[in-house]
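The questions below take up several of them for the structure shown here.

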Amino acid sequence: MNLQIGIVGLPNVGKSTLFNALLKKQVALAANYPFATIEPNVGVVEVPDDRLLKLAEITKTSEKLTNLPPLKYALVEFVDIAGLVAGASKGEGLGNKFLANIRQTDAICHVLRHFSDPNVLREGSVDPEQDLTIIRTELQLADLETLQKQQQPKGAVSKDEKLKWETIQDFLAKIQQGQNLNCQSEIEKLVAKELCLLTAKPEIFAINVDEKDLIKTQELTEQFAKKLQIKKEQIVIISAKIESELAVLAPEDQELYMQELGIEESGLSRLASVAYQTLGLQSFLTTGEIESKAWTIRKGSTAQESAGVIHTDFSKKFISAKIVNFADFIKIGGWSACKEIGKVRQEGRDYIMQDGDVVEFMIGK
């Protein structure tokens, strides 16, 4: 399961610079003029997970392997989308392209400018609060147009059709009041998905700051949570410039550079973590001679559903799942050692998977 996050914002706020840093290569054009990005740049990046190396080390020891099994991380797909301007919902700038591209994403990552470089032109960007207001207004106007185009069902309608229409009317009232859609019920989620409503998508906020501000991450997070009226858990304080510099360094040099800057994690690690939390995702782990791998599932997924993430046939032919808690697996020393002291659990198809479960699925023929 790959999740796709659209990186959006006003022109020249650092979207493409951040995108390049996340990919660790220059695949998007980062230029100091509006609409440097026209077609969306798409790239898949790995979600850092220290647990995989520990699993591989245990597997190497227990299986007497010469080399560590390959590490396969969970993936996040980032889409760098053209800069938005006021009037995008009416086709201003590259508005139509912007809106069409963002409809296909699972979540929105708002990049908001809080850096002070006077050499980078501002194109409609004022400050994070006003910039976010512009973006959200355009998304709301686009959703308003979509909702107003819907036709009320006529004649004898089913209970489901009636409920859908009532939900559309409720959405319409919220949008007209300038609110984003916070879908809670299944019917709300269904209608929002069917209509590709932009303001129903989960949001992440990357505040692009100066290098000197990175040491004030906690302070700035609290400050912007209050100013933007959002949850602290949705915010990532990041310097796209620093991330682009980190991207070209060897891993050991990255660590040294981050120590000099007084930061513990790269922007990618923090952004991926916030993305997982925002979308309600978690990972289960598999390990063996072939590879050690993290698999992405939604919280609340059953063992049978999770087996299907590896291969659809695994779900159809599911028998059971052998599961060990990650901490136990590492402490005790692998499958054989865990089995000897009764730490391997046999779980059925309805078992609710937990983050970090180390799993071996039993599949029928």
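**How the terms apply**

In this predicted model, buried residues make up 47% of the 365 residues in the protein.

Q: Why is Ser 292 called buried?
A: A residue counts as buried when its relative accessible area is under 20%, and Ser 292 has a relative accessibility of 0%, so the term buried applies to Ser 292. This residue lies in strand E9, which covers residues 292-298. Leaving aside residues up to four places away in sequence, the residues that Ser 292 touches include Leu 52, Leu 55, Ala 56, Pro 69, Pro 70 and Thr 286.

Q: What makes Asn 12 buried or exposed?
A: The relative accessible area of Asn 12 is 10%, and the cut-off for buried is under 20%, so Asn 12 is classed as buried. Asn 12 belongs to the loop between strand E1 (3-8) and helix H1 (15-23), and its phi is near 65 degrees, a positive value in a residue other than glycine.

Q: What makes Gln 229 buried or exposed?
A: For Gln 229 the relative accessible area is 72%, and exposed means over 50%, so Gln 229 is classed as exposed. The loop between H7 and E7 holds Gln 229, whose phi is near 55 degrees, again a positive value in a residue other than glycine.

Q: How do you know that strands E6 and E7 pair, and in which sense?
A: Pairing requires at least two bridges between two strands, and E6 (residues 203-209) and E7 are joined over 4 bridges, so they count as paired, in the parallel sense. Within this pairing, Asn 208 stands opposite Ile 238 in E7. Strand E7 covers residues 235-238, with Ile 235 and Ile 237 pointing one way and Val 236 and Ile 238 the other way, and all of these are buried.

Q: Which elements make a β-α-β unit with E6, and what is its handedness?
A: Helix H7 (residues 217-228) and strand E7 make this unit together with E6, and the unit is right-handed.

Q: How do you know that helices H4 and H5 meet, and which residues take part?
A: Contact means heavy atoms within 4.5 Å, and by this criterion Gln 140, Asp 143, Leu 144, Leu 147 and Gln 148 in H4 meet Ile 168, Phe 171, Leu 172, Ile 175 and Gln 176 in H5. The axes of H4 (residues 128-148) and H5 (residues 159-176) come within 10 Å and cross at roughly 150 degrees, and the crossing is left-handed.

Technical notes:
Residues numbered from 1 in each chain as written. Predicted model: local features only at pLDDT ≥ 70, side-chain atom pairs only at ≥ 80, totals over all residues. Heavy atoms only, no water. Buried < 20%, exposed > 50% of the residue type's maximum accessible area, 1.4 Å probe, protein only. Helix = DSSP H or I, 4+ residues; strand = E, 2+ residues; numbered from the N terminus. Right-handed = clockwise from strand over helix to strand, strands pointing away. Axes fitted to C-alpha atoms, helices over the stretch in contact; angles between N-to-C directions. Left-handed = near helix turned anticlockwise from the far one by under 90°.
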